[in-house]
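This report goes through selected features of one model.

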Amino acid sequence: MAKNLLIVESPAKAKTIERILGEDFEVKSCYGHIRDLERADMGIDLNNKYKPRYIVPEDKQKVVKELKSLAKKSGEVWLATDEDREGEAISWHLCEVLGLDPKITKRIVFHEITKPAIESAVKKPRTVDMNLVNAQQARRILDRIVGFELSPVLWRKMSMKNNLSAGRVQSVAVRIIAEREREINAFLPQSTFRIEASFSSKDISGKSVVFSAEGKKYAEESGAEKFLQTCLNAKYTVTDIQVKPGKKSPAAPFTTSTLQQEASRKLGYGVSRTMLLAQKLYESGKITYMRTDSVSLSETAMENLQSEINSKFGNKYYQKRAFKNKNENAQEAHEAIRPTYMENMSVEDADCRRLYELIWKRTMASQMSDAELEKTTALIQISTNKEELKASGEVLKFDGFLKVYREDRDDDDISEEENLEGMLPPLSVHQQLTLLEMRATERFSRPLPRYTEASLVKKLEELGIGRPSTYAPTISTILKRGYVEKRDKEGVIRNFRILKLKENKISKISEQETTGAEKSKLFPTDLGLVVTDFLKQYFDDIMDYNFTARIEAEFDEVASGKIEWNNMIDDFYIPFKKDVDNTIEKAERISGERELGIDPVSGKKLIVRMGRYGPMAQIGEQNDEEKPRFAKLKNTQSIETINLEDALELFKLPRNLGPFEGSDLTVSIGRFGPYIAHDKKFYSLGKEFDPYTIGLDEATPIVVEKRAAKEQRTIKVFEKEKIQLLRGPYGPYIKQGLRNYKIPKEKQENVETLELPEIKAIIEEVKANPPKRVPKKKKSS
């Protein structure tokens, strides 16, 4: 009897499921999506209810051929792609390509790849849910329309070498980052003086313990100094003590978004890496489905958790909890991310281990008891001015879920007061305290921090933009397109003032701190800022947060069968197309130009703007008799914030470093970055060297080393024809100008004997029959 054929997206998932199902099933992978929209004319018939035209890409034809062959031989074809909309769409495409009827073809879904879950799914198959397919199709078609209509507008209105693109969600994500950057640049720190006193008191063993108490804040140094003067010769008495019980409750189990955020905070993982590892864990049967916005747990999982908590920690640590979703439309999957078997505290795979343990701890903690605290607040009166200081502390009475896990928070979620809380020694009302010192320390207000990948996901989720399956691709796209970059920022040294009352004397000191340092944050590029401004001006709907969130809600309505996908796209496309046509006709070209002042040497205007190869400074204008001069901005500079002085510095290139081997050695910046020029040859300069400060003694060894390496690579040079015969990491090749040409295998052995006519013939042959480009494989959805 022929086996049943069960099709999934990935080979790893196929192996795991085949082990579970045994001999009755042959499990094969389709390697993600097997069809996509044609490139020509968008791949959409705009005049026929947006009917999509799908093709099987070249890199998927072999897979499709194999699946067709297996489908003919098999007893019955089953579809077991992922349970979200992408997975549903892949199942439908498989039906279309393999000639299966989606109304009767068996489709199974499961939240985890375990024996009970798979066997249960096989007993209760369903058919393809066309509402989910249409929701995915609507998203794909709408995003294709926006990309294909909007991107050419940018090409016409901006002079950039690289192909610019715009997208429905990506453009809004860039806007979020751009607006935060501008808030930071416009922010003016305000200083205040915070009063903090250090006291000494005995603990229960009679040992002296130092603790802190807080007073008022003063806007001016004079006010803080006046307060300290009123504290001279003062006595400090405890006037009130309040002890209140408190508790902390655990966070809900992970959704896609919260897993990405916590993996970033605790493990330092980017969003893409987190999802890659989570997919690996899911496909190997270690965790439940990793693209979900649900926080609920199945009854089986809850029972399993109760058993594990009771056996590991005792009954008092267990507390059953049912978490509710903030998002009413949470339906990408029906369960939170959790381990499939809670008794497995870790996994063997070294890459996945840290992420798995994070998921295990979070899931475990979600069903554990509250942590019980005792919060103490003591008021301390100053005898000379009747002002009060407040000392706060807390003691952990019962650790509860904290025994396993504590959730981290972003910088902007933690208050200054929380940082000051510690433990207090035993205190009593009317107790006289010994003042060690009192300080009025200057502190500065801070702007909100720049986004990390994870905090951007959090913001997108708060605004209702995107869904679990779209967060990682959105961030990857805006980084790849050059609208945003992820980098560190060095801090700057800042002075701050301290007034100190000690031993009944007031003194003033100045200290330094580093401020503004940031690590792995998202910065908008000048390109991102200019494109954002242009889109906001001419396509305010596309860039509006509420509008984008409403579109997401409409996709949800399509998925639940409440509205037709064609009508939804129609409502969007008709006004959008008018905006596109109007912008092409009326909008001026954009460059983000900003005038900085006058060049003192030439007396000409100095501007900064976007050029063909990125942000640049320009002295003079195109219609001047003398050609304008140009200089590329440094990676750390922006056309929005650079000043005249720093812009003038850029024109110090090219720099003549001095003579070397009878020729001048100069350094400059070109299209491909900094370089050294010597004897009509060019050598790239590494990132560790600054072209504005490098000296002759540093530059000459670079020339010698790179020249030697080039000579080793060079087989022959025909200078007149600008042709080189070179050795590369994959064998010998021909270079003419900036183009490389592969040498046929049969001629590679005696490459040294090749002469110019033969080399030219190879070049002509390659030009006539260019090698086919192999498309990159798409990741499985």
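How many bridges join β19 to strand β20, and in which direction do the two run? The model is a predicted one. In it, 4 bridges link β19 with β20 (residues 605-611), and the two strands run antiparallel. Within this pair, Arg 594 lies opposite Val 608 of β20.

Both strands belong to an open sheet of 4 strands, ordered β19-β20-β21-β22 and paired antiparallel. The edges are formed by β19 (594-598) and β22 (629-632); each has a single partner strand, so one side of each is left without a neighbour in the sheet. On average, neighbouring strands here are turned by 25° against each other, direction ignored. As background, strands of a sheet pair through backbone hydrogen bonds, in either parallel or antiparallel fashion.

**Cysteines and a glutamate**

The structure holds 0 disulfides. Cys 95 is in none, and the nearest cysteine sulfur, belonging to Cys 30, is 11 Å away.

Relative accessibility is given below for two cysteines and for Glu 88.

| Residue | Relative accessibility | Class |
|---|---|---|
| Cys 95 | 0% | buried |
| Cys 352 | 2% | buried |
| Glu 88 | 0% | buried |

Buried means under 20% relative accessible area, and Glu 88 is therefore in this class at 0%. Glu 88 is part of helix α3 (residues 85-98). What distance separates the side chains of Glu 88 and Arg 107 in their polar contact? The polar contact between these side chains is 2.8 Å. Leaving out residues up to four places away in sequence, Glu 88 touches Thr 81 and Asp 82, as well as Arg 107, Arg 126, Thr 127, Val 128, Asp 129, Leu 132 and Val 133.

**Nonpolar cores**

Which residues of the largest nonpolar core touch the most other members? They are Leu 6, Phe 110, Leu 355 and Phe 576, in a core of 163 residues. Helix α5 (residues 130-157) gives the most to this core, namely 11 residues.

For Phe 576, the residues touched are Ile 145, Val 146, Glu 149, Leu 150, Phe 539 and Ile 542, with those up to four places away in sequence not counted. Another core, of 26 residues, lies apart from the largest one; among its members are Phe 193, Ile 195, Ala 197 and Ala 378.

Definitions and conventions: Residues are numbered from 1 along each chain as its sequence is written. This is a predicted model: local features need pLDDT of at least 70, side-chain atom pairs count only at pLDDT 80 or more; totals for chains, interfaces and linings use all residues. Side-chain values use heavy atoms; hydrogens and water are left out. Two strands pair if DSSP finds at least two bridges between them. Axes are lines fitted to C-alpha atoms, for helices over the stretch in contact, and angles run from 0 to 180 degrees between N-to-C directions. A disulfide is a pair of cysteine sulfur atoms within 2.5 Å. Buried means under 20% relative accessible area, exposed over 50%, partly exposed in between (1.4 Å probe, protein chains only). A polar contact is a pair of N or O atoms within 3.5 Å; within protein, one must be able to donate a hydrogen and the other to accept it, and residues adjacent in sequence count only if both atoms are side-chain atoms. Contact means heavy atoms within 4.5 Å. A nonpolar core is a set of buried Ala, Val, Leu, Ile, Met, Phe, Trp, Tyr and Cys residues joined through side-chain atoms within 4.5 Å.
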